[in-house]
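Please consult the sequence and the structure shown below while reading.

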Amino acid sequence: MSAVDQGAQGAERTLGQLVASATAEMSALVHDEIALAKAELRQDVKRVGIGGTAIGIAGVLGIFSLPVLSFAAAYGIHALGLGLAWSFLIVGGAFLLIAGLLALLAVSKFKKVKPPERSIASVKQTAALMGTVKPHPRPVSDKAVGVARSSS
């Protein structure tokens, strides 16, 4: 089929067919935009999940270290030697070290979370395109004015 035949066939399409075609294309465009946003967000959700888990574990270990360090300080003051208190200090210090490492891991994961840039750019491009589309001017006839007045 040549371009002339396609143009002639396009001219034969009714207004209803054109509206149906435009609606279907707009629906497909919106569906594709949503699919793109889902794909981008799925990746960031995984990062947030890992970061959230790491910060949660860091918080739990930080809380657990407080009683251990408290006992270590109490035993250390009481004993003033290298006995049981040093072991409590070593365990408490290890908990704090692990909590600090997990907190750093969480911060690094949270910094990698970005907005869905491709979806935002695509929506902006679509909005700009839709803003430039102008309806075809239609001649105003007496029948159209009469129908419009009688329907209100």
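## Overall fold

In what order do the elements of the protein chain run from the N terminus on? The order is α-α-α-α-α. The chain has five helices and zero strands; helices (H or I, at least four residues) and strands (E, at least two) are DSSP runs, numbered from the N terminus.

The model is predicted: local features need pLDDT of at least 70 and side-chain atom pairs count only at pLDDT 80 or more, whereas totals for chains, interfaces and linings use all residues. Residues are numbered from 1 along each chain as its sequence is written, and side-chain values use heavy atoms, with hydrogens and water left out.

## Burial and contacts of the chain

Of the 152 residues in the protein chain, 12% are buried. Buried means under 20% relative accessible area, exposed over 50%, and partly exposed in between (1.4 Å probe, protein chains only). The accessible surface of the chain comes to about 11,700 Å², and carbon and sulfur atoms account for 71% of that area; such areas come from the Shrake-Rupley method with a 1.4 Å probe, and for residues only the protein chains shown count as cover.

Among contacts (heavy atoms within 4.5 Å) between residues at least 6 apart in sequence, 78% join residues at least 24 apart.

## Nonpolar core

The largest nonpolar core consists of six residues: Ala54, Ala58, Leu61, Ala99, Leu102 and Ala106. Helices H2 and H3 (84–111) each supply at least two residues of this core. A nonpolar core is a set of buried Ala, Val, Leu, Ile, Met, Phe, Trp, Tyr and Cys residues joined through side-chain atoms within 4.5 Å.

Leu61 touches Phe95, Ile98, Ala99 and Leu102, not counting residues up to four places away in sequence.

## The site at Glu40

Glu40 lies in helix H2 (residues 15–79). Glu40 counts as buried because its relative accessible area is 8%. Its side chain makes a polar contact with the side chain of Arg118 (2.9 Å). A polar contact is a pair of N or O atoms within 3.5 Å; within protein, one must be able to donate a hydrogen and the other to accept it, and residues adjacent in sequence count only if both atoms are side-chain atoms.

Residues up to four places away in sequence aside, Glu40 touches Pro116, Glu117, Arg118 and Ser119.
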